[in-house]
Amino acid sequence: MNLLDRLNANQRTAAEWDVGPLLVLAGPGSGKTATLTARVARLIEQGSDESFRILCLTFTRKAAAEMRERLLKLTPDAKDRVLLTTFHSFATDILRQHGSHFGLSPDFEILEETERVRIIKSILEKGSDELTKFVSAEKALTAIDFLLRNVTSDAKVPSLLKDSETGEQLQTLFVRYKEKLKELNCMDYGSILYFCEELLRERPRVSKQLRTVYRYICVDEFQDTNVAQYLVLRALAPDKDANVFIVGDDDQVIYQWNGASPTRVRELEQHYDLTTIQLPENYRCPPEVVALANALIVHNGERSPDKKPLLSMKADSGRNPIELLPFEDDQKEAQGIAESVAARLQSGARPSDIVVLARA
């Protein structure tokens, strides 16, 4: 069977994309993973006589493993031609190979949270006379994480705070923390991306070598990239006509606590000569759920303009699966949920069929 035979028209158009930057705006349940893997498999098959590799970046090891399994079923030859990995794993590999430019040895360790706190405490204790603005190591570390994921330069740190003295102390702490990591031959998850971006930016030969190896770059769940991850991508593919194949949906931002933003999708248009293909078809949810989702999400002022509404590809169930129940307080809400669960169990549902989701 042809790799593209099972795809719908929009999916197929995306999977047949060859060169240049493409954004695939893919709603939930739209078959984006199938589209992405079909495109990669097609490039591998058509380039069987060539030596280029393809880089696919995801956010979780589970997602990378799932995509790898699908891809190998489509084309076993992809094993040696495609690198499917997370942003952090890819950045770690780059630092192990080229971190000597920063004084890092290839065997550097990745710190756990308790070890990071201990390092901050030691810096604060040694600089107790000048680092007086920090009430705890944990809060200081939160500020440092913010600086790392936003790839903040040392010089810019003081301007981020209204109080100049606090800003200058944070700058000092930030510099010393990074120096300590190098001294101990250690990295944490935030600094891995921070130093990888710095390496690729300041050592253009390294990024040029990577572009020679990886002719095509794919990114999944792009809407959840933070500044550091996006700048790593920009360093890998700086040209406006770069072969970047980006799948994302600004309606599905999850990792805002880690710096993700709906505006990240729109930033692509500033840096690339972007073509956009939408996958509005939803194969997961019944029409009633999709209709409600469309009615709610249209009020999101941060979504991409000209966004197509989701289109349910499932048959109408003939019933409304959505029930809206108002409660006066938390106790009555809990009681109402318990009664609903009990009613479902009495009608034949199993406990394993029921899940209760909460926002926080």
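Author: Happy to! Let's begin with Lys133, whose relative accessible area of 36% makes it partly exposed (buried is under 20%, exposed over 50%, partly exposed in between, with a 1.4 Å probe and protein chains only). The model is predicted, so local features need pLDDT of at least 70 and side-chain atom pairs pLDDT 80 or more, while totals for chains, interfaces and linings use all residues. Residues are numbered from 1 along each chain as its sequence is written, and side-chain values use heavy atoms, without hydrogens or water.

The partner of Lys133 is Glu165, and the closest N and O atoms of this salt bridge are 3.9 Å apart (a side-chain nitrogen of Lys or Arg within 4 Å of a carboxyl oxygen of Asp or Glu). Lys133 belongs to the loop between helix H5 (113-126) and helix H6 (137-149), and Glu165 to helix H7 (residues 164-184), so the bridge ties together parts 32 residues apart in sequence. Helices (H or I, at least four residues) and strands (E, at least two) are DSSP runs, numbered from the N terminus. Glu165 is partly exposed too, at 40%.

Now compare a pair within one helix. Lys73 and Glu69 form a salt bridge whose closest N and O atoms are 3.9 Å apart. Both lie in helix H3 (residues 61-74), 4 residues from each other, which means about one helical turn between them. Lys73 counts as exposed because its relative accessibility is 66%, whereas Glu69, at 49%, is partly exposed.

Next comes Glu50, whose side chain meets that of Arg215 in a salt bridge of 2.9 Å, N to O. Since Glu50 sits in the loop between H2 and S2 and Arg215 in strand S6, this pair ties together parts that are 165 residues apart in sequence. Glu50 is partly exposed at 38% relative accessibility, and Arg215 is partly exposed at 37%.

In H2, 12 of the 15 residues are buried, among them Leu36, Val40 and Leu43.

Finally, some salt bridges join up: Asp249, Asp250, Asp251, Arg303 and Lys307 are linked in a network. Over the whole structure, a search finds 25 salt bridges.
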